[in-house]
Amino acid sequence: GAPIDTTIMQFVYNKKILNSLGHADPPKTFDQFMEYAKEAKTKLNTIGFISGWGEGWLLNALATEWAINLMGEDKFLRTIKGEISYTDPDWLKVFNLFAILKDAGILAPNIATMTNKEAEDAFARGKALFSFNGSWSVNVYDQLNPQLEYAFFSLPRVSDIYPVKIWGGAGASFMVNANSTDKEQAVDFLKWLTEKEQQVFLIKETSNLSSIMGNEDVLAPILKDLIPNLDNLTHPDTWPQNEDSRVIETLNKGLQQIVNGLKTPEEVAREIQQKKEKVSKK
């Protein structure tokens with residue numbers, strides 16, 4: 001198969017709202033992020049943060065980025081291998097970040113059941129200061145509200161010890177069935193589709209990042225700013241081992257329960273580790 005574009009997960013901010021709070025630049029740390037989001041809530045009665053957390057993969061991507069920044073990629077991957085417990089103090093710190101977000105009152109109402117499309121629509125209408133979304137949202141926001149003034153910014157750091165890794169990689173992809181009678185023609189088509197001329201056309205029509213290098217000059221400025229981040233990507237497809245889907249499901253559900261105030265980070269950590277141990281025994 002072959003990807004026809006590239007995606008990057010980033011935080012997004014509303015420029016007008018941030019400027020009205022007296023801040024020229026987006027936050028760089030988690031503490032700054034919380035400060036700005038609280039100001040949006042108290043001073044402007046605006047939602048501090050919105051995202052489609054009814055879709056667990058969005059929660060998982062953000063938790064992964066914070067986990068790698070807080071404990072380092074090596075320890076994160078060792079957790080997947082089963083060498084580190086999800087009840088480890090560093091993982092409790094990660095889960096507690098979501099409790100902090102909930103307790104601060106900056107999250108959109110019903111965020112844990114909200115779809116990404118609902119969150120994108122609300123952000124495009126200027127209802128929130130911050131969001132967490134992918135590079136594909138440029139196309140979405142431009143369609144929903146061409147006048148929206150927004151920009152991307154990197155993960156608000158929780159640690160200066162380890163670097164920030166960004167969830168991303170190959171985007172929409174076409175796959176070729178090896179048993180197809182038209183396999184050769186399909187491969188030829190994908191080769192054609194990922195050549196420069198076709199990629200430039202797709203960039204202009206879809207506002208997505210190219211799947212090949214060398215097309216940076218035709219990118220919209222907001223997408224061009226994301227190019228340096230391509231050197232810091234992380235994704236399950238690139239890891240030596242991926243977590244079991246049943247453990248991922250328990251983790252995502254647990255984060256939703258933390259955000260809803262139904263369970264504590266400690267309770268969620270224990271449940272994830274119990275699922276991990278049960279799956280490992282099988």
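The model is predicted, with local features requiring pLDDT of at least 70 and side-chain atom pairs counted only at pLDDT 80 or more, while totals for chains, interfaces and linings use all residues. Residues are numbered from 1 along each chain as its sequence is written, and side-chain values rest on heavy atoms, with hydrogens and water left out.

Leu101 lies in helix α5, which spans residues 89–103; helices (H or I, at least four residues) and strands (E, at least two) are DSSP runs numbered from the N terminus. The relative accessible area of Leu101 is 1%, and this residue is therefore classed as buried (under 20% relative accessible area; exposed is over 50% and partly exposed in between, with a 1.4 Å probe and protein chains only). When residues up to four places away in sequence are not counted, Leu101 is in contact with Phe30, Phe33, Met34, Trp53, Trp66, Ile106 and Leu107, contact being defined as heavy atoms within 4.5 Å. A separation of 8.9 Å was computed between the C-alpha atoms of Leu101 and Phe49, which are 52 residues apart along the chain.

Two asparagines adopt positive phi values. Asn45, in the loop between α2 (30–44) and β3 (47–50), has a phi near 55°. Asn110 occupies the loop between α5 and α6 (116–124), and its phi is about 60°. Most residues other than glycine have a negative phi. Asn45 is exposed, at 65% relative accessibility, and Asn110 is likewise exposed, with a relative accessible area of 60%.
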